Amino acid sequence: MYRLVQGAISTNLIEEITSQQKMNQGIGAQAMFLGQVRADKNSDKKVKGIEYSAYPLMTEKLLEELLKDSLERFSLMDIQIFHSLGFVASGDLSLLVHLSSKHRKGIFAVLEEIVEKVKFDIPLWKKEIFDDNSYRWIEDSKT
Amino acid sequence: MNHVNVLFFGPLIDIAGKEKMSLEAKSVNDAKVQLERNFPELIGRTYRFALNQEIIYGDFPLKNGDELALLPPFAGG
């Protein structure tokens with residue numbers, strides 16, 4: 001499943017998702033990626049948070065396709081993707097990708113591929129908000 | 001003429017000064033010419049078009065009520 005969440009992703013979700021996996025005892029491996037907003041410095045200004053935006057209909061359609069395609073291609077038992085919309089303060093979580101599979105083999109490579117797709121193939125944008133309330137759109141986030 | 005709903009996203013919102021507008025255009029190329037005339041800062045910017053939520057490449061005819069979105073490079077996560 002995927003969900004677009006307003007604001008930061010709660011750390012309670014981590015326990016909730018990992019606990020849910022007990023329901024399927026065929027699972028032998030879980031892997032999770034957490035994206036956290038970094039308090040970068042740009043000249044003398046510090047990033048106080050990031051504001052995320054999306055093209056809602058298209059974003060949901062492409063996330064749905066990514067889930068379906070990944071489940072089929074990688075024989076995963078479960079995928080969960082949570083992504084923030086709106087303002088997320090530095091230090092808080094803005095992305096959670098969780099995978100479950102029968103075995104650990106290959107799970108990290110698959111996790112990395114899915115995270116990269118969420119970052120670059122889904123219509124989402126972000127702007128850094130600085131402590132003086134000025135902002136800067138992030139147009140190349142390949143780092 | 002066809003009445004098209006144009007949507008701007010990410011940094012292109014700042015260039016257009018708005019998130020959406022309507023345009024009379026018969027094709028995507030026609031819309032592009034008009035948009036770049038109205039907002040010269042679009043010229044040279046990297047962006048793709050989505051027509052009714054599907055990314056398109058090249059020219060397409062537009063119908064009345066179509067949704068044409070200008071999508072700058074994605075940057076999630």
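Chain A has 143 residues, and a compact globule of that length would have a radius of gyration near 15 Å; the value for chain A is 16 Å, which agrees. The radius is taken over C-alpha atoms, and the globule rule is 2.2 Å times the number of residues to the power 0.38. This is a predicted model, in which local features need pLDDT of at least 70 and side-chain atom pairs count only at pLDDT 80 or more, while totals for chains, interfaces and linings use all residues. Residues are numbered from 1 along each chain as its sequence is written, chains are lettered from A in the order in which they are written, and side-chain values use heavy atoms, with hydrogens and water left out.

**Chain A as a whole**

- The C-alpha trace of chain A spans about 50 × 30 × 25 Å along its principal axes.
- Chain A has three helices and eight strands (DSSP runs, H or I of at least four residues for helices and E of at least two for strands, numbered from the N terminus).
- Along the sequence, the pattern of chain A is β-α-β-β-β-α-β-β-α-β-β.
- Of the 143 residues in chain A, 44% are buried (under 20% relative accessible area, with a 1.4 Å probe and protein chains only).
- Among the contacts in chain A with a separation of 6 or more, 73% join residues 24 or more positions apart (contact means heavy atoms within 4.5 Å).

**One buried residue**

- A:Ser94 lies in strand β6 of chain A.
- The relative accessible area of A:Ser94 is 1%, so this residue is buried.
- Leaving out residues up to four places away in sequence, A:Ser94 touches residues including A:Ile9, A:Tyr52, A:Phe82 and B:Gly77.

**Where chain A meets chain B**

- In chain A, 23 residues are in contact with 20 residues of chain B.
- About 1800 Å² is buried between chain A and chain B, and carbon and sulfur atoms give 58% of this (accessible area, 1.4 Å probe, that two parts lose on being put together, summed over both).
- On the chain A side, A:Tyr55, A:Trp125 and A:Glu139 lose the most area to chain B, together 38% of what that side buries.

- A:Lys61 forms a salt bridge with B:Glu54, and their closest N and O atoms are 3.2 Å apart.
- Elements that give two or more residues to the side of chain A touching chain B include β4 (45-54) and α2 (56-74).

Methods. A salt bridge is a side-chain nitrogen of Lys or Arg within 4 Å of a carboxyl oxygen of Asp or Glu. Buried means under 20% relative accessible area, exposed over 50%, partly exposed in between (1.4 Å probe, protein chains only).
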